[in-house]
Amino acid sequence: MKRAGCLMQDVATVRNVALAVHNARNPGDTSVDQQKFLSELESNCNELLSRLADGTWTPGPYHRFIVCDPKRREIHAARFADRVAHHALLNVAGPLLEQGASHGSFACRQGRGNTRAVDAVWHAAGRCRWFLKLDVRRYFDSVSHDILLNLLQRKFKDRRLLLILERIVRSFEKSPGRGLPIGTLTSQYLANFYLDGLDRWIQLDQRCPRYVRYMDDFVILHNDWQWLAGVYEKTVDWLQQNRDLRLRETCRPHTVQEGILFLGYRVFPGTVLLARKSRRRFVSRLKSLELLYRSGIIDAHSLQQRMDALLSFTSHAQCRQWRRRMVLKFGCLSEDDI
């Protein structure tokens, strides 16, 4: 594939940076960081434009915090000015990173996402008897900087863009020469791009059309148990040799009738249900929202917005009666609002 060049001239434009500000801005964010940038918008944008144009832009430090939703994660959020730069870069480089991506890849791609990935697994489960559900151990912490930068050099030839991408990649380390920070836009795109080669290898070299990947979680479906067992061993070797990654645990093929646990759902050939952890998480969030509302910390409008987001996730599964019971039991909405 021909490498893309002369991209920074498209990144460093007034129109692109203005779009980046619009995309990076969070109307609900009242942080000093965002407000300070927006209060001097013109001068800050001009400075960013200049530094992108001459290739001197460098990412700043991250804001580190911990979330437990549901498992403990260490989040590293970029400053608002850096988030604008990330959007400006990916407005141009993002579509190129997606070029050549497999139809089995669903993360960080326009018109796709987690519900489309679940739909794809559901359709494939109706046509296959067996599946492998695999995920990479400590994926974001394990991404090799050198391998990732080598892959980017095969994709782009613009030296200024590659230099800035290298600064972003090397601005964070979980261990020497490894790791991408969870919580930044660039990490999402680069982490998804890192496994593009795996997608092509499984679907083309191994001739497996029924394959779905969402970031580092992926499902391979087939009618032959022995074929899947062999592909598992080959996948372990491919990841070690080509991406220096390890799978989370030893896995064997299972029947689709057992249900495929994927992205918070349990997928069967005829239906999609909420996974047990997702049900517990739903009830926990419901109780938290009720407490916030009863305590006067959030108003009715904010409650409705948060409930809409919570209900949206469950609406993709066949759990309407259960959801209604839980909302009426723990929530603050009336039956007409559910």
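Q: How far apart do the C-alpha centres of domain 1 and domain 2 lie?

A: This is a predicted model, in which local features need pLDDT of at least 70 and side-chain atom pairs count only at pLDDT 80 or more, while totals for chains, interfaces and linings use all residues. Residues are numbered from 1 along each chain as its sequence is written, and side-chain values use heavy atoms, with hydrogens and water left out. Domain bounds come from an automatic or database domain assignment; here they give domain 1 (105-137 + 206-274) and domain 2 (276-330). Their C-alpha centres are 29 Å apart.

Q: How much area do domain 1 and domain 2 bury between them?

A: The size of an interface is often given as the accessible area lost when the parts come together. Buried area is the accessible area (1.4 Å probe) that two parts lose on being put together, summed over both. Here it is about 880 Å², with 59% of it on carbon and sulfur atoms. On the side of domain 1, Y265, V272 and L274 lose the most area to domain 2, together 62% of what that side buries. Contact means heavy atoms within 4.5 Å; by this criterion, 11 residues of domain 1 touch 10 residues of domain 2.

Q: In what order do the three strands of the open sheet lie?

A: Strands (E, at least two residues) and helices (H or I, at least four) are DSSP runs, numbered from the N terminus. Two strands pair if DSSP finds at least two bridges between them. The order is β7-β8-β9, with antiparallel pairing. At the edges are β7 (260-262) and β9 (272-274), each of which pairs on one side only. Strand β8 (residues 265-267) is joined to β9 by three bridges, and R266 stands opposite L273 in β9.

Q: What do β4 and β5 form?

A: They form a hairpin with two residues between them, and M215 in the turn has a positive phi of about 60°. Strands β4 (residues 211-214) and β5 (residues 217-222) pair in the antiparallel sense over four bridges.

Q: At what angle do the axes of helix α8 and helix α10 cross?

A: Axes are lines fitted to C-alpha atoms, for helices over the stretch in contact, and angles run from 0 to 180 degrees between N-to-C directions. The axes of α8 (residues 145-155) and α10 (residues 185-194) come within 10 Å and cross at roughly 85°. In α8, I147, L148, L151, L152 and K155 meet L190, F193 and Y194 of α10.
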